[in-house]
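Here is a short report on one protein model. Have a look at the fold before reading on.

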Amino acid sequence: MNDALLYETDGAVALLTINRPAERNLLGRVGDGGLFERAAQRIEADKAIRCAVLTGAGSAFSSGGDVKAMRDRTGPFAGNSANLRESYRSEIHRMVRALWNLDVPLIAAVNGPAIGLGNDMACLADIRLASEKALFGQTFLKLGLIPGDGGAWILQQLIGYSRAAQLLLTGRLIDAGTAKDWGLVSEVAPPDKLLPKAFALAAEIANQPPMALRMAKQLLRAGRQDRFESVMDMSANLQGILQRTRDHDEALAAFFEKRPAKFTGN
């Protein structure tokens, strides 16, 4: 894995660390799409991984796109409008889709500022935990831009239209406490407690039966987008599969025998 995105494992948990601390973990450079795509593929290929954590190295989660490259019209921001459209699709959209399409639950441990693209990458996680030093913002308009990464859709799924509009249309930053009040993050922790808290939560999630865990995530995602009747049909279909798995049998046996269950993913 490229040093710009570190990949580590701890038991059933994968840790992805955006690793450009000197540049406040900017994202969207040429090659970043493939970088995140390969990391996601690596997670999906390793059936021992049941949960993933995304964080940033140093003091920032991610400051967003490369503003200097925008100014100089270099790297992903070179060329005409058609070139730029393809650059967004081949780099930034691949990054977004790589995280969005993960089968396993993803926790964002937001250790510092998450701005623009960085904010939207955090929003792709299923659960967000924030350091007391975290900041969140949609500052695209301040650069004469709009969210080219799908953020206008992603953010309002989490905090509603009005608050998403307030963030985007003002370009303001909100602190971790406000983010928690708005439902953008689940918990706020001291900086030195953030990753331990994220790993403890990831380990708790990873103890669940793997097949049911992935299906639960599918169902949660469907509940945000699909009609009620579609989710009801999906629920019945998935439940019919799960009730004939060995892990379901093991869960029932463990319940009646009053012992911890040992799940295998079968």
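Leucine 54 has its bridge partner in strand 4: alanine 108. This is a predicted model. Strand 3 (51-56) and strand 4 (106-110) pair in the parallel sense, over three bridges. On we go to strand 6. Valine 110 has alanine 130 of strand 6 as its bridge partner. Alanine 130 also has a bridge partner in strand 9, namely valine 188.

The table lists these pairings.

| Strands | Sense | Bridges |
|---|---|---|
| Strand 3 and strand 4 | parallel | three |
| Strand 4 and strand 6 | parallel | four |
| Strand 6 and strand 9 | parallel | three |

Six strands form it, in the order 1-2-3-4-6-9. The sheet is open, and its pairing is mixed. Which are the edge strands? They are strand 1 (5-10) and strand 9 (187-189), and each pairs on one side only. From one strand to the next, the twist averages 20°. Helix 7 packs on this sheet. Helix 7 touches strand 1, strand 2, strand 3, strand 4, strand 6 and strand 9. The direction of helix 7 makes about 160° with that of strand 6.

**Strand 4**

Is strand 4 enclosed or open to the outside? Five of its five residues are buried, so strand 4 is largely enclosed by the rest of the structure. In a regular strand, side chains alternate between the two faces of the sheet. Both faces of strand 4 are covered. Leu106, Ala108 and Val110 are buried on one side. Ile107 and Ala109 are buried on the other.

**Helix 8**

Strand 4 is also among the elements that cover the buried residues of helix 8. Others include helix 3 (81-100), helix 7 (191-206), helix 9 and helix 10 (246-257). Which residues of helix 8 are buried? They are Pro210, Leu213, Arg214, Met215, Lys217, Arg221 and Ala222. Helix 8 has 16 residues. From first C-alpha to last it reaches 23 Å, close to the 22 Å expected at 1.5 Å a residue.

**Helix 8 meets helix 9**

The axes of helix 8 (residues 210-225) and helix 9 (residues 228-242) come within 10 Å. They cross at roughly 175°. Angles over 145 degrees count as roughly antiparallel, so helix 8 is roughly antiparallel to helix 9. On the helix 8 side, the contact residues include Met211, Met215 and Leu219. On the helix 9 side, they include Val231, Met234 and Leu238. By class, this contact has ten nonpolar, three polar and no charged residues.

Terms used. Residues numbered from 1 in each chain as written. Predicted model: local features only at pLDDT ≥ 70, side-chain atom pairs only at ≥ 80, totals over all residues. Heavy atoms only, no water. Axes fitted to C-alpha atoms, helices over the stretch in contact; angles between N-to-C directions. Helix = DSSP H or I, 4+ residues; strand = E, 2+ residues; numbered from the N terminus. Parallel < 35°, antiparallel > 145°, perpendicular 65-115°, else oblique. Contact = heavy atoms within 4.5 Å. Nonpolar A, V, L, I, M, F, W, Y, C, P; charged D, E, K, R; others polar. Expected span 1.5 Å × (residues − 1). Buried < 20%, exposed > 50% of the residue type's maximum accessible area, 1.4 Å probe, protein only. Pairing = 2+ DSSP bridges.
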